[in-house]
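Here's a set of exercises to work through with the model open beside you. Try each task before you read its solution.

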Amino acid sequence: MRPPPGRQRLSREFIARHQRARIIAALAEETMARGYRAVTVADIVRRAGIARNTFYDNFSSKEDCFLATQDHAVEEALKRIVEAATEVEGWDQRLAAGLGAFLKYVSEEPALARTCIVEALSAGDAAQERFEQSLQSFLPLLRLGRKDTPHGDELPDTLEEAIAGGIFWLVYQRIVLGEAEKVEELLPDLVDFALTPYIGAESAQRAVARL
Amino acid sequence: MVPDPSTDAPAEYPPELSRLPPGRHGLPRDFVIHNQRERLIAGLAESVAEKGYGATTIADITRHAAVSRRTFYEHFDGKDECFVAAFDAVTEQLRERIDGAYEAEDEWTVAVRAGIEAMLGFLASEPNLARLAMVEALVAGPVVVKRYDAAVETFLPYLRAGREGRPKAVLAHLSDSTEEALVGGMVSLVSRRIVAGQTDELEALLPDLVEFTLAPYVGSDEAARIARG
């Protein structure tokens, strides 16, 4: 697509990034509409309003595009989580803020959420591995909670994994039920669930009350 | 009809029943001998273990099951339906093991520990079935995924039973989604090990899983104590 006159000075890099983002959004929307297995490159380019060549300038295959979609979503999610967390003080507040930002992102981008949280599990080995890695990338943030508790090193090694798994399962269920937009309703329960093992039930309740 | 000593099929059985699939399917031998449907399920499990569900064809299934293609279609419309049957057979076995262990204990905390132990033991001893139910199931189409989700939900009552008789302060702290989050976390830990082919590490998860699931009901100290059993 030719840029309108007067905008030819847009850098190639800018246009490329914009195109890439459009293709990713199109894949997410097509995946939500028809399920990943049924999506074709033709579907994606039609939705994105680009030429087939443009798709292949950016990605080598549907799967390549899918993996890029996952990477994009994780990067964006982490960015929002960290941004929200750094605006407040105290680990319990940071966790609550980060979790809130995550749920907000899911509710604002239901197609992306469906693609990365539901469809990823059935989109092949590489996608499933990416999913595992993305789950892992949230664990260090949770693990910081161990510093805030006297019994930090006595907590089970797999605690963060289990908490992240629980959060994902609840979010996954809501998406499967077509209720991604309502996922922020889970925030109080999830903050309680995530904080209690580290700081105890009462402190967790207090943090929830401050939401 | 001469019995084939390598398969233990009785003399009166027709020859095709003596060609049993080897035991990697994990289903009891009697079960398989007596029922073509079960032989097909076993055949599917064999093929999935060998090449994954995506690459499995009906020809693969019937070859492993030593039944005809026509027989396959007498029982199933296609491979997806056969997979659903296999999935249900595995989850049924798993549920029986867990239930048996759980019901054998009087104390709820100990019962939960026993149930989790039985689950991990089953999955560790049957890596192919574990993979079928928890990994391959996710690529076998929306019907199976729904079954998978429903199977996970069947664990909720075991934990929810822990609410009985708890002090108000504890109950006030539990939410509608507590059991779902706990089971979700547990399933996540288990399935990640299975995906990574680390079924030998499953049983080592027992203390962590027990502590994680019991803590909201009995507190972390008591949960840790039971976990270390």
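**Exercise 1.** Find what the buried residues of α13(B) pack against.

*Solution.* Start with the partners: the buried residues of α13(B) pack against α9 (187-209) of chain A together with α12 (206-218) of chain B. Before going on, note that this is a predicted model, where local features need pLDDT of at least 70, side-chain atom pairs count only at pLDDT 80 or more, and totals for chains, interfaces and linings use all residues. Residues are numbered from 1 along each chain as its sequence is written, and chains are lettered from A and ligands numbered from 1 in the order in which they are written.

Next, pick out the residues themselves. In helix α13 (residues 220-228) of chain B, the buried ones are B:S220, B:A223 and B:A227. Buried means that 20 or more other C-beta atoms lie within 10 Å of a residue's own, exposed means 12 or fewer, and partly exposed is in between, with C-beta atoms placed from the backbone. Helices (H or I, at least four residues) and strands (E, at least two) are DSSP runs, numbered from the N terminus.

Now look down the axis of α13(B): its buried residues fall within an arc of 60 degrees, so they line one face of the helix. That arc is taken from the directions from the helix axis to the C-beta atoms. Just after α13(B) comes B:G229, with a positive phi of about 40 degrees.

**Exercise 2.** Work out how α11(B) and α12(B) are arranged.

*Solution.* First, the geometry: the axes of helix α11 (residues 178-195) of chain B and α12(B) come within 10 Å and cross at roughly 175 degrees. Axes are lines fitted to C-alpha atoms, for helices over the stretch in contact, and angles run from 0 to 180 degrees between N-to-C directions. That makes α11(B) roughly antiparallel to α12(B). The cut-offs are under 35 degrees for roughly parallel, over 145 for roughly antiparallel, 65 to 115 for roughly perpendicular, and oblique for the rest.

Then list who touches whom. α11(B) brings B:T178, B:L182, B:G185, B:M186 and B:L189, while α12(B) brings B:L209, B:F212, B:T213 and B:P216. Contact here means C-beta atoms, placed from the backbone, within 7 Å. By class, that's 6 nonpolar, 3 polar and no charged residues. Ala, Val, Leu, Ile, Met, Phe, Trp, Tyr, Cys and Pro count as nonpolar, Asp, Glu, Lys and Arg as charged, and the others, Gly among them, as polar.

**Exercise 3.** Do likewise for α1(A) and α6(A).

*Solution.* Helix α1 (residues 12-34) and helix α6 (residues 110-118) of chain A pack at about 75 degrees, with axes 8 Å apart. That makes α1(A) roughly perpendicular to α6(A). On the α1(A) side, find A:A28, A:E29, A:T31 and A:M32; on the α6(A) side, find A:P110, A:A111, A:L112, A:R114 and A:T115. Sorted by class, you get 5 nonpolar, 2 polar and 2 charged residues.

**Exercise 4.** Describe chain B as a whole.

*Solution.* Count the elements: chain B has 13 helices and 0 strands. Buried residues make up 42% of its 229 residues.

Conventions
Two residues are in contact if their C-beta atoms, placed from the backbone, lie within 7 Å.
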